[in-house]
Amino acid sequence: MPTGMFYPGIEIKNVNKQKIMATPTFDQLLEAGCHFGHLKRKWNPAMAPYIFMERNGIHIFDLYKTAAKLDEAAKALKNIAKSGKKVLFVATKKQAKQLVADKAQELGMPYVIERWPGGMLTNFPTIRKAVKKMKSIDDMAKDGTFDNLSKREKLQITRQRAKLEKNLGSIADLNRLPAALFVVDVMKEHIAVAEANRLGIPVFGIVDTNSDPSTVDFVIPANDDASKSIELILDTVIASMNEGLAERKVEKADAAAAEAQEGEGAQNNQRRERRRIRKNDSADAKEAEVKEEKAEAPAAKEEKTEE
């Protein structure tokens with residue numbers, strides 16, 4: 001164990017308080033409180049490989065394994081973002097809701113921070129109908145239909161619109177099933193995880209010592225209750241996904257430039273071919289003219305002799 005720090009207690013000394021980078025250091029994970037698990041009596045034995053020790057009745061995570069797993073998850077999420085696919089962020093617990101909403105909005109990714117609507121993944125067409133209903137209400141307000149309704153009808157529709165916006169507004173742009181789920185507290189969001197597992201959608205999750213890691217494809221063993229711990233992990237994966245999106249833009253620009261260059265090259269080839277054809281036609285015409293002159297020469301000579 002590195003010197004100058006103690007598992008609870010907990011005292012932190014000589015911690016390098018540097019700016020959070022894409023891959024957090026051991027000290028940054030420690031400072032954020034990622035090492036704190038739940039009480040020993042609440043643990044799930046399947047989490048044993050990720051637990052370093054028990055202190056004062058609390059399980060402590062092995063932060064080296066946390067860092068390795070976080071790095072693995074961040075790389076996988078980067079590849080998903082680079083491919084242009086969507087990742088659905090899920091966090092309905094109080095200390096994570098606003099953090100997830102802010103980070104997901106930065107990326108333009110869908111998120112769920114209110115109650116998970118049952119069947120959101122397994123019955124996705126029905127959810128899409130509800131989103132379309134929200135859009136149709138907006139269209140009513142634009143085309144003047146809303147003005148012809150009674151006050152009571154307007155009130156009912158407005159309340160319906162507000163309810164839909166609260167629960168589904170953050171997934172309005174999700175036109176197809178997401179490529180992956182990122183879940184804060186897989187135990188609390190067990191319905192979302194179960195739906196993703198049923199459909200074969202990869203699940204990335206912050207998994208605490210009281211949770212079952214077997215339902216998660218990319219386990220990030222860490223404290224899922226402390227806002228600092230959640231924020232550090234989110235910052236890491238968001239930075240990695242941003243990098244993937246930036247690489248996607250560069251590749252698109254390069255592809256467009258290459259395509260334009262190929263088009264220009266094809267046009268140049270066509271121009272060269274046309275010039276070659278014209279040159280050949282001119283040569284053929286000249287050759288025909290010479291042959292014609294040669295053919296006419298004997299006849300002209302005979303006429304001169306006759307005279």
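# Close-up views of a predicted model

View 1. Of the protein's 307 residues, 36% count as buried, where buried means under 20% relative accessible area, exposed means over 50%, and partly exposed lies in between (1.4 Å probe, protein chains only). This is a predicted model, in which local features need pLDDT of at least 70 and side-chain atom pairs count only at pLDDT 80 or more, while totals for chains, interfaces and linings use all residues. Residues are numbered from 1 along each chain as its sequence is written, and side-chain values use heavy atoms, with hydrogens and water left out. The protein has 7 helices and 8 strands; helices (H or I, at least four residues) and strands (E, at least two) are DSSP runs numbered from the N terminus. Its accessible surface comes to about 18200 Å², and 50% of that belongs to carbon and sulfur atoms; the areas come from the Shrake-Rupley method with a 1.4 Å probe, and for residues only the protein chains shown count as cover. Among contacts between residues at least 6 apart in sequence, 62% join residues at least 24 apart, contact meaning heavy atoms within 4.5 Å.

View 2. An open sheet is formed by 5 strands in the order β5-β4-β6-β7-β8, with parallel pairing. Its edge strands, β5 (111-112) and β8 (218-221), each pair on one side only. Two strands are taken to pair if DSSP finds at least two bridges between them. Strand β7 (residues 203-207) pairs with β8 in the parallel sense over 4 bridges, and Val207 has Pro221 of β8 as its bridge partner.

**View 3. The hairpin of β2 and β3.** Strand β2 (residues 51-55) and strand β3 (residues 58-61) pair in the antiparallel sense over 4 bridges. Glu54 stands opposite His59 in β3. The hairpin has 2 residues between the strands, and Asn56 takes a positive phi near 55 degrees.

**View 4. The nonpolar cores.** The largest nonpolar core has 38 residues, and those with the most contacts inside it are Val87, Phe89, Val100, Phe182, Val184, Phe204 and Met241. A nonpolar core is a set of buried Ala, Val, Leu, Ile, Met, Phe, Trp, Tyr and Cys residues joined through side-chain atoms within 4.5 Å. At least two residues of this core come from each of α1 (26-31), α2 (63-82), β4 (87-90), α3 (94-107), β6 (180-184), β7 and α7. A second, separate core of 29 residues includes Tyr50, Phe61, Leu168 and Ala196. Not counting residues up to four places away in sequence, Phe204 touches Ala73, Ala76, Leu77, Ile80, Ala180, Leu181, Phe182, Val183, Val216 and Phe218.

**View 5. Asp224 in its loop.** Asp224 is placed in the loop between β8 and α7 (227-306). Asp224 counts as buried because its relative accessibility is 0%. Neighbours within four places in sequence aside, Asp224 is in contact with His38, Lys93, Val184, Asp185, Ile206, Asp208 and Ile230.

View 6. Gly119 lies in the loop between β5 and α4 and is buried, with a relative accessible area of 11%. Apart from neighbours within four places in sequence, the contacts of Gly119 are Phe124, Ile127 and Glu195. Gly119 and Ala192 are 73 residues apart in sequence and 8.6 Å apart in space, C-alpha to C-alpha.

**View 7. Helix α4.** With 20 residues, α4 reaches 29 Å from its first C-alpha to its last, close to the 28 Å expected at 1.5 Å a residue; the expected span is 1.5 Å times one less than the number of residues. Phe124, Ile127, Arg128, Val131, Met134 and Ile137 are buried in α4. Seen down the axis of α4, these buried residues fall within an arc of 170 degrees, so they line one face of the helix. The arc is that of the directions from the helix axis to the C-beta atoms. Pro125, Lys129, Lys132 and Asp143 are exposed on the other side of α4.

View 8. Helix α5 (residues 151-168) has 18 residues and spans 25 Å from its first C-alpha to its last, close to the expected 26 Å. Its buried residues are Ile157, Leu164 and Leu168. Down the axis of α5 they fall within an arc of 25 degrees, so they line one face of the helix. Lys151, Arg152, Arg159, Lys163 and Lys166 are exposed on the other side of α5. The cover over the buried residues of α5 includes α4 (124-143), and that over the buried residues of α4 includes α5.
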